[in-house]
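Hi everyone, thanks for making time this morning. I'd like to walk you through a structure, so please have a look at the screen and stop me whenever you like.

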Amino acid sequence: MNIVVCVKQTPDTAATVSVEDGVVSWGDSPLVLNPWDEYAVEEALRIREAHSGQVTALSLGPEAAMEALKLALAMGCEQAILINDPALEDADPLVVSKVLAAAIKKIGEVDLVLFGRGSVDNDTGITGPQVARRLNWPVLSLVADITSLDPEGRTIAVERMIDEGRQLVRGSLPAVVSVVKGINEPRYPSFMGIRKASRAEMPIWSTADIGLDEVPTPAMTWPEIFAPLKVETECEMIEGETPEEVAARLADRLIEEKVI
Amino acid sequence: MDFSLTAEHEMVQKMVRDFAQREVAPTIKVWDRKQDMAPHILPRMGKLGILGVCFPVRYGGQGMDFVSLGLVCEELEAVDTTLRVVMSVHTGLAGLTILQWGTNEQKKRFLEPLARGDLIGCGAFTEPGAGSDISAIQATGKRDGDQYILNGEKMWISLATKADIAIVTVRTIPDAAKPSRSLSTFVVDLHSPGVTTGDIHGKLGVRAGSTGWISLQDVRVPVENRIGEQGEGFKVTMSALDSGRYTVAAGATGLIRASLKASVDYANERRAFGEPIAKHQLIQAKIARMAQDYEIARLLYLKAGWLKNQGVRNTRETSMAKRFATAASFTAASEAIQVHGAYGYSDEYDVERFMRNARGALIYEGSNEIQILIQADYALGHRRDKPLRCEMPVYDPIDWQEA
C-alpha cells in the first residue's frame with residue numbers, strides 16, 4: 001500500500017502560551033510533532049506492517065518543520081517531504097488543503113492518507129476532510145479503530161468515535177482517514193530510526209513543484225490575536241437557615257446583579 | 001567550538017525522556033515506598049535498546065556515541081535514580097568494561113547479550129570491609145587447571161539479585177609485589193553453583209532500585225572468563241569506574257534539572273505575603289544556584305563524553321564531572337525541599353525522593369573524597385596516566401553502526 005501521513009509541527013501542549021502585541025509566543029518551549037499526528041503516523045506504520053508498502057510523511061510548514069518530519073522518519077516512515085514556500089506563510093485550512101491535495105497527487109497512486117484529528121494550535125480539525133473533498137475521496141474522520149482493510153478489494157471499515165458512541169462506517173479506497181487518540185499507542189523512535197532520520201535527505205517542494213501556479217488568497221485571516229482576558233472572581237457565599245431561604249436570597253442577588 | 005547537540009542527540013534525548021515520563025514516572029513513588037524494583041523496567045529498557053545504546057551494532061548495540069550515553073542517563077535520572085543506576089552498572093561497569101578489555105570471544109559471549117538486554121550485568125568490586133581501598137579486598141581467586149575458584153563477599157552491589165552476570169574483581173596473586181598488581185577480574189555467571197545473592201533494604205535512597213550482596217563460595221569460573229590478564233584487575237576495575245562514574249555524573253545532572261523544574265513550578269504557584277514565592281529573592285537565589293549548577297554539570301559531563309568519543313583518556317574530567325554534579329545535585333534537591341516548605345518534607349512531592357536518591361552518589365562509584373584526591377594528584381603533577389594495554393575504542397559512527 002502507498003500511504004501518506006500528513007503531519008504538522010506545533011508548540012508543545014505543555015508550553016506556556018502568551019500573546020504580546022498580537023503575536024503568539026511559547027517562550028523557549030520546543031516545537032514538537034503535533035501530538036494527534038503521532039497516532040496517525042503509528043497507524044500508518046501498522047498498516048504498512050500488515051499489508052506491506054511504504055509510508056510517506058508530508059508536512060506544510062517552515063524549514064523548522066523538518067524536525068517533526070524527522071521524528072516521523074525515526075518512527076519508521078520510509079520518506080518525508082516538506083512543502084515550504086514564502087507564498088504559504090499565511091495559509092488558512094482551505095489553502096493548506098489545496099496544497100496538500102496537490103502534493104498527494106504529485107506523489108501519485110496513493111491508497112490512503114492519514115491525519116491526526118486536528119492540530120493542537122489551530123484546532124480546526126477540517127484540513128483532512130477538505131483534502132478528501134479536493135481529491136474526491138471519501139473521508140472517514142474521528143476514527144478510533146480501523147476494523148478492516150482490503151487493499152485488493154479496495155475497501156476499508158472503521159469505527160468512528162462520535163458523541164453518541166461508536167459509529168461503524170464502510171468506505172472504499174483510496175480514502176482520507178483522520179484518527180483520534182486511543183486508536184493505538186505510538187511507538188518510540190528506535191535508535192536505528194533516529195540515525196536514519198538524522199541523515200535522511202528530505203525533499204523540499206515549493207508550490208511550483210506541486211503544480212500550483214497560483215496560491216489562492218486565504219479566506220480566513222486572524223486580524224487580531226489577544227490572550228483571554230484574566231477574570232478576577234470573587235466568591236460570595238449565600239447564607240440561610242433553610243435551603244428555601246438560601247434559594248430566595250440567591251434569586252434576589254441574581255436579580256440585583258441583573259443576571260435574571 | 002560548537003556547543004549544540006546534533007539532531008540525533010536531541011532525538012535520543014526526547015525518546016528516553018518520553019519513555020521515562022510515560023512508563024516509569026506515574027508509578028515510581030509506589031515502588032519507592034515498597035522498596036522494590038518495578039519488574040517491567042529492565043525488560044523495557046532492553047527492548048527499547050537503551051541498555052545497549054552505546055555499543056557497536058555488531059555487538060548487539062545501537063551504535064550511538066558516549067555523549068548519547070550521557071544524555072540518556074541525564075533523562076533517566078530526571079525521573080528516578082533507579083533507572084540511571086541500571087545504566088551505570090549494566091551498561092557502564094559490565095558492558096563498557098568488556099568492550100574495552102574483553103577479547104573478541106568474550107564480546108560475543110557476553111557483550112552481545114548484554115547489549116540486547118538478554119543478559120543483565122552488574123559490577124561487583126566493593127566488599128563489606130573494602131570500598132575506596134580496592135586493593136584491600138579480601139575475595140580470592142585460586143587457579144585450578146583451566147578454572148579459577150572464587151571465594152568472598154561483595155556488598156552494596158546494584159542489581160545483585162537481578163543480574164545474570166557480574167564483573168568481579170578478586171585477589172589472585174596473594175604475594176604480588178604491590179597489592180594493586182595482585183588482582184584479577186572475571187565475568188561470573190551468577191547462576192553458578194556457590195553463588196548466592198540477597199537484597200539490602202533500609203537504604204536512605206534509590207529505594208525503587210535493587211542493591212544487594214553477592215556471596216561466592218568455591219565458585220568455579222573458567223579461565224576464558226577472566227577479563228584482561230592475571231594481575232590486571234586493578235586497571236580493569238579503574239577503567240570500569242571511568243565508565244560507571246561518567247553515567248553517575250550525567251545522571252546527577254538530570255537530578256539537578258529535576259530539582260530545578262520542581263522548584264520553579266512550585267515557586268510560581270505557591271503564594272505568600274500576597275504574591276508567588278517566585279518573586280521572593282531568597283527563593284530566587286536558590287533557583288539561580290540550581291540553574292547555574294545544572295549548566296556547569298552539563299558542560300562537564302558532555303566534555304567527558306566528547307573526550308570518550310575521541311578515545312582520549314578522561315579519568316580526570318570524568319572525576320571532576322562526577323564530584324561536581326553529585327555534590328550539586330544533593331544541594332539542589334535539599335534546596336528544592338526548602339522551596340517546597342512543609343510539602344517538601346512529604347512524599348506527596350518528588351523532591352524528598354530526589355534528595356534521598358542524590359545522597360548515595362556522593363558515596364558510590366568512587367566517593368567524592370576519592371575524586372578530590374584524584375584531581376589533586378593531576379593538578380599537582382603527581383599523576384600521569386600511562387597508556388593502558390587495552391584502551392576504550394574510539395567512537396566511529398561508520399564502524400560502530402555497521403552490522
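**Two chains, one walk-through**

Let's start with chain A, which has six helices and 13 strands. Before I go on, please keep in mind that this is a predicted model. The C-alpha trace of chain A spans about 75 × 45 × 40 Å along its principal axes. If you take the contacts in chain A with a separation of 6 or more, 68% are between residues 24 or more positions apart.

Now over to chain B, with its twelve helices and ten strands. Its C-alpha trace spans about 80 × 45 × 45 Å along the principal axes. How does the radius of gyration of chain B fit the value for a compact globule? With 403 residues, such a globule would have a radius near 22 Å, and chain B has 21 Å, so the two agree. Buried residues make up 53% of chain B. Among its contacts with a separation of 6 or more, 75% join residues 24 or more positions apart.

Next, the domains. Chain B is divided into domain 1 (7-120), domain 2 (123-231) and domain 3, which is made of 235-381 + 396-400. I'd like to focus on domains 1 and 3 of chain B, whose C-alpha centres lie 19 Å apart. Between them, 28 residues of domain 1 are in contact with 28 residues of domain 3. Which elements of chain B give two or more residues to the domain 1 side? They are α2 (28-34), α4 (66-79) and α5 (81-101). The largest share comes from α5(B), with eleven residues. Sorted by class, that side of domain 1 has 13 nonpolar, seven polar and eight charged residues.

Helix α7, residues 233-269, has 37 residues and reaches 53 Å from its first C-alpha to its last, close to the 54 Å expected at 1.5 Å a residue. Is α7(B) largely enclosed or largely open? It is largely enclosed by the rest of the structure, because 31 of its 37 residues are buried.

The other one is α11 of chain B, residues 368-379. Its twelve residues should span 16 Å at 1.5 Å a residue, and the end C-alpha atoms are 16 Å apart, so that agrees too. After α11(B) comes B:G381, which has a positive phi, near 80°.

Let's zoom in on A:A57. Leaving out residues up to four places away in sequence, A:A57 touches A:V5, A:V7, A:V41, A:L69, A:A72, A:L73, A:C77 and A:A80.

Last stop: where the chains meet. Here 15 residues of chain B are in contact with twelve residues of chain A. The chain B side divides into eight nonpolar, five polar and two charged residues.

Terms used. Residues are numbered from 1 along each chain as its sequence is written. Chains are lettered from A and ligands numbered from 1 in the order in which they are written. This is a predicted model: local features need pLDDT of at least 70, side-chain atom pairs count only at pLDDT 80 or more; totals for chains, interfaces and linings use all residues. Helices (H or I, at least four residues) and strands (E, at least two) are DSSP runs, numbered from the N terminus. The expected span of a helix is 1.5 Å times one less than its number of residues. A residue is buried if 20 or more other C-beta atoms lie within 10 Å of its own, exposed if 12 or fewer, and partly exposed in between; C-beta atoms are placed from the backbone. Domain bounds come from an automatic or database domain assignment. Two residues are in contact if their C-beta atoms, placed from the backbone, lie within 7 Å. Ala, Val, Leu, Ile, Met, Phe, Trp, Tyr, Cys and Pro count as nonpolar, Asp, Glu, Lys and Arg as charged, and the others, Gly among them, as polar. The radius of gyration is taken over C-alpha atoms; the globule rule is 2.2 Å times the number of residues to the power 0.38.
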